[in-house]
Amino acid sequence: MSNPTTAERKSDLELVVTRTFNGPAHLVFEAWTRPDLFQRWWLPAEFGMTFDSCQLDARTGGSYRLVFNHPDFPQPMAFFGKYLEVVPNSRIVWTNEESEGGPVTTVTFEEQDGTTLLSLTERYPTKESLDEAIASGSTGTAGAAQQFELLDELLGTLV
Amino acid sequence: MVQFQKANLDASFAALSDPTRRGILERLGQRDASITELADRFRMTLTGIKKHVGVLEQAGLVTTAKVGRVRTCRLGARRLEDEAAWIEWYRQLWDRRFDELDSIVEELKQQHAVNPKESQEP
């Protein structure tokens with residue numbers, strides 16, 4: 001039985017997602033920063049996408065680059081940015097630079113009694129950029145409207 | 001912000017609780033209409049219709065614009081509904097990812113239990 005995920009627009013600029021994991025923070029951190037593990041959860045099978053490549057240099061000042069394939073994409077899509085701050089087992093902050101007005105994402109891990117509360121905040125530079133992301137159906141971390149449509153189709157069947 | 005969103009939702013529900021207002025939305029769904037047209041259609045006074053349109057406008061469900069002496073009403077951008085739907089989609093996206101992440105954390109737990117030397121913490 002999995003724990004619930006919450007999501008809300010916390011302010012004009014911010015989206016916040018939370019979830020509790022039944023394990024210590026260092027393991028959640030490990031799964032978030034090791035490319036071999038990250039690739040196994042970032043694109044669940046029903047998204048229909050696969051990793052073309054996944055480079056994560058998860059340390060302050062390092063950069064990352066994710067490239068996805070999908071049968072409907074004319075060419076692979078790249079998502080990239082820099083790690084502004086990496087505090088092992090506790091906090092990761094990165095930029096999303098594949099498009100203008102992308103958010104800065106902060107994920108924090110708080111361990112309590114062997115479980116970890118994960119909180120992820122996407123902070124957009126302006127209210128307009130978040131409004132636009134919502135209107136176009138994209139997300140800073142997941143990108144393109146095509147992806148939104150695919151997911152929408154998929155998730156529509158689950159609602 | 002949460003309270004702001006709640007206030008918005010309350011406004012929407014209040015706006016939709018009235019049959020005339022629901023009728024107005026339905027009518028505007030077909031095409032834009034002036035206050036006078038709506039008053040004729042719903043057999044109400046101009047003042048009465050203006051009140052209803054005002055409530056719908058407050059809730060962001062209708063926008064109005066005055067051209068000369070005619071005030072035209074049209075369906076609003078329904079931003080609230082669109083945004084709520086998007087945020088639910090966004091939540092589900094992370095929920096699916098985190099389900100996968102769950103199993104990886106579980107797997108790592110097993111590995112560290114079998115091989116405690118690799119564990120980063122006591």
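Me: In the hairpin of β2(B) and β3(B), what is the phi of B:G68 like, and how many residues lie between the strands?

Reply: This is a predicted model, and in it B:G68 takes a positive phi near 60°, in a hairpin that has two residues between β2(B) and β3(B).

Me: How do you know that β2(B) and β3(B) pair?

Reply: Strands pair if at least two bridges are found between them, and six bridges join β2(B) to β3(B), so these strands count as paired, and they run antiparallel. In this part of the chain, B:V62 stands opposite B:L75 of β3(B).

Me: What makes β1(B) and β3(B) a pair?

Reply: Here there are two bridges, and since the cut-off is at least two, β1(B) and β3(B) therefore qualify as a pair, in the antiparallel sense. The partners can be named, for B:A33 has B:C73 as its bridge partner in β3(B), and B:S34 has B:T72.

Me: Why are β1 and β2 of chain B called edge strands?

Reply: The open sheet of three strands has the order β1-β3-β2 in chain B, with antiparallel pairing. In this sheet, β1 (33-34) and β2 (62-67) of chain B each pair on one side only, and strands of that kind are given as the edge strands.

Me: Which helices lie across strands of this sheet?

Reply: Helix α2 (residues 19-30) of chain B lies across β1, β2 and β3 of chain B and runs at about 90° to β3(B). Helix α4 (residues 46-58) of chain B lies across β2 and β3 of chain B, at about 120° to β2(B).

Me: Why is A:L118 called buried?

Reply: A residue is called buried if 20 or more other C-beta atoms lie within 10 Å of its own, and A:L118 has 22 within that distance, so the name applies. A:L118 is found in strand β8 (residues 115-123) of chain A. Leaving out residues up to four places away in sequence, A:L118 touches A:T18, A:R19, A:F21, A:V28, A:V107 and A:F109. From C-alpha to C-alpha, A:L118 and A:F29 are 9.9 Å apart in space, although 89 residues separate them in sequence.

Me: Why is helix α1 of chain A described as largely enclosed?

Reply: Eight of the nine residues of α1 (residues 25-33) of chain A are buried, so the helix is largely enclosed by the rest of the structure. Among the buried residues are A:V28, A:F29 and A:W32. Beyond its neighbours within four places in sequence, A:V28 is in contact with residues that include A:F21, A:L118 and, from the other chain, B:V105.

Me: Which residues touch the most other members of the largest nonpolar core?

Reply: That core has 36 residues, and A:V28, A:A31, A:W32, B:Y90, B:W94 and B:V105 touch the most other members. Among the elements giving two or more residues are α1 and β2 (14-21) of chain A, as well as α5 (79-114) of chain B, and α5(B) provides the largest share, nine residues. A second, separate core of 12 residues includes B:I24, B:L28, B:A33 and B:I49. As a general background, nonpolar side chains tend to be buried together in soluble globular proteins.

Me: How many residues of chain B are in contact with chain A, and of which classes are they?

Reply: The contact involves 24 residues of chain B and 31 residues of chain A. On the chain B side, 12 of them are nonpolar, two are polar and 10 are charged.

Me: Where in chain B is pLDDT under 50, and why does that matter for reading the model?

Reply: Over residues 1-6 of chain B, pLDDT stays under 50, and the model has three contacts for them beyond four places in sequence. Where pLDDT is low, the predicted coordinates should not be read in detail. Among the elements of chain B, helix α1 (residues 2-16) has the lowest mean pLDDT, 57, while helix α3 (residues 35-41) has the highest, 94. For chain B as a whole the mean is 80, with 79% of its residues reaching 70 or more, and the model scores ipTM 0.84 and pTM 0.65.

How values were computed
Residues are numbered from 1 along each chain as its sequence is written. Chains are lettered from A and ligands numbered from 1 in the order in which they are written. Helices (H or I, at least four residues) and strands (E, at least two) are DSSP runs, numbered from the N terminus. Two residues are in contact if their C-beta atoms, placed from the backbone, lie within 7 Å. Ala, Val, Leu, Ile, Met, Phe, Trp, Tyr, Cys and Pro count as nonpolar, Asp, Glu, Lys and Arg as charged, and the others, Gly among them, as polar. Axes are lines fitted to C-alpha atoms, for helices over the stretch in contact, and angles run from 0 to 180 degrees between N-to-C directions. pLDDT is the predictor's confidence in each residue, from 0 to 100. A nonpolar core is a set of buried Ala, Val, Leu, Ile, Met, Phe, Trp, Tyr and Cys residues joined through C-beta atoms within 7 Å.
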